[in-house]
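Here are a few notes for a first look at this model. Please read them with the structure open.

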Amino acid sequence: MSATMAERPVHEHIRELSDSLVALSGTVLRNFLLAIDVLQSLDTDRAREVKDADRQIDDAEILLESQCLSFLALQQPVAKDLRTIVAIMKINDYLERIGDLSVHVVERLPEIGSGLQRAYDFGSMGMKVGEMLKKAVDAFAFRDDGLARQIDMFEAEIDLMHRVIFKKAMASMKEPAADIDQLIAVLSLSRYLERIADHAVKIAREVVYLVTGESARQKDNSYEKLIDSLRN
């Protein structure tokens with residue numbers, strides 16, 4: 001943000017910040033889908049692409065947060081403009097966490113063989129999570145609270161997939177010839193995917209809050225405290 005920020009209309013700055021978030025969300029989604037593809041193919045060479053992209057995601061997240069803070073400090077927006085900036089900052093944070101979790105997925109490749117990949121069908125769970133994430137970022141891009149509300153329907157399905165994998169892996173651990181390290185990797189992978197789905201739900205709830213002002217958002221008020229400190 002330049003020194004001439006205060007001379008430009010607020011809506012122009014908000015549009016720029018929103019566009020930056022949409023661009024970042026696209027990168028995060030593509031990198032997550034790449035991680036799922038790598039998991040299915042067990043291609044360790046391509047795993048490096050996921051890690052390289054995550055470094056770019058981290059840099060973009062830091063830059064966008066800095067720009068939002070500068071905007072808040074100089075413009076001190078109110079009403080819906082303030083809601084928009086708070087939503088952008090929170091979604092930005094969720095996207096960075098999804099990027100980290102995508103890296104965690106490919107880091108488990110050395111412990112996952114083709115037999116386990118087929119047995120637990122992470123591809124199906126991963127693609128369902130990817131669909132949730134795409135709907136969430138599209139809901140923000142188009143300010144579509146109806147689309148955002150659809151994501152809750154996927155949450156129960158992902159939770160069920162996670163429980164099935166968990167029970168199956170725990171049962172396998174009781175077998176005499178069980179490879180405990182591999183099964184722990186299975187549990188971790190399922191947990192990573194379930195957490196990414198949770199973040200997609202959080203993004204969707206931020207969109208509902210942004211569009212409607214409904215208070216069904218997360219209870220985390222850290223950004224509101226930060227904004228108050230900037231005003232004082």
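1. A salt bridge here means a side-chain nitrogen of Lys or Arg within 4 Å of a carboxyl oxygen of Asp or Glu. The structure holds 13 of them. Keep in mind that this is a predicted model.

2. Start with a network. Salt bridges link Asp 37, Arg 46 and Glu 49. Asp 37 and Arg 46 meet through their side chains, at 2.5 Å from N to O. Between Glu 49 and Arg 46, the closest N and O atoms are 3.8 Å apart.

3. How are Glu 49 and Arg 46 placed in helix H2? They are three residues apart there, so about one helical turn separates them.

4. Now look at another pair. Glu 155 and Arg 205 form a salt bridge, with 3.9 Å between the closest N and O atoms. Glu 155 belongs to helix H7 (residues 152-173) and Arg 205 to helix H8 (residues 180-212), so this bridge ties together parts that are 50 residues apart in sequence. Glu 155 is partly exposed, at 22%. Arg 205 is partly exposed as well, at 30%.

5. Last, check Ser 66. It sits in helix H2, which covers residues 44-75. Its relative accessible area is 39%, so Ser 66 counts as partly exposed. Met 89 is 23 residues away along the chain, and the C-alpha atoms of Ser 66 and Met 89 are 9.6 Å apart.

Key:
Residues numbered from 1 in each chain as written. Predicted model: local features only at pLDDT ≥ 70, side-chain atom pairs only at ≥ 80, totals over all residues. Heavy atoms only, no water. Helix = DSSP H or I, 4+ residues; strand = E, 2+ residues; numbered from the N terminus. Buried < 20%, exposed > 50% of the residue type's maximum accessible area, 1.4 Å probe, protein only.
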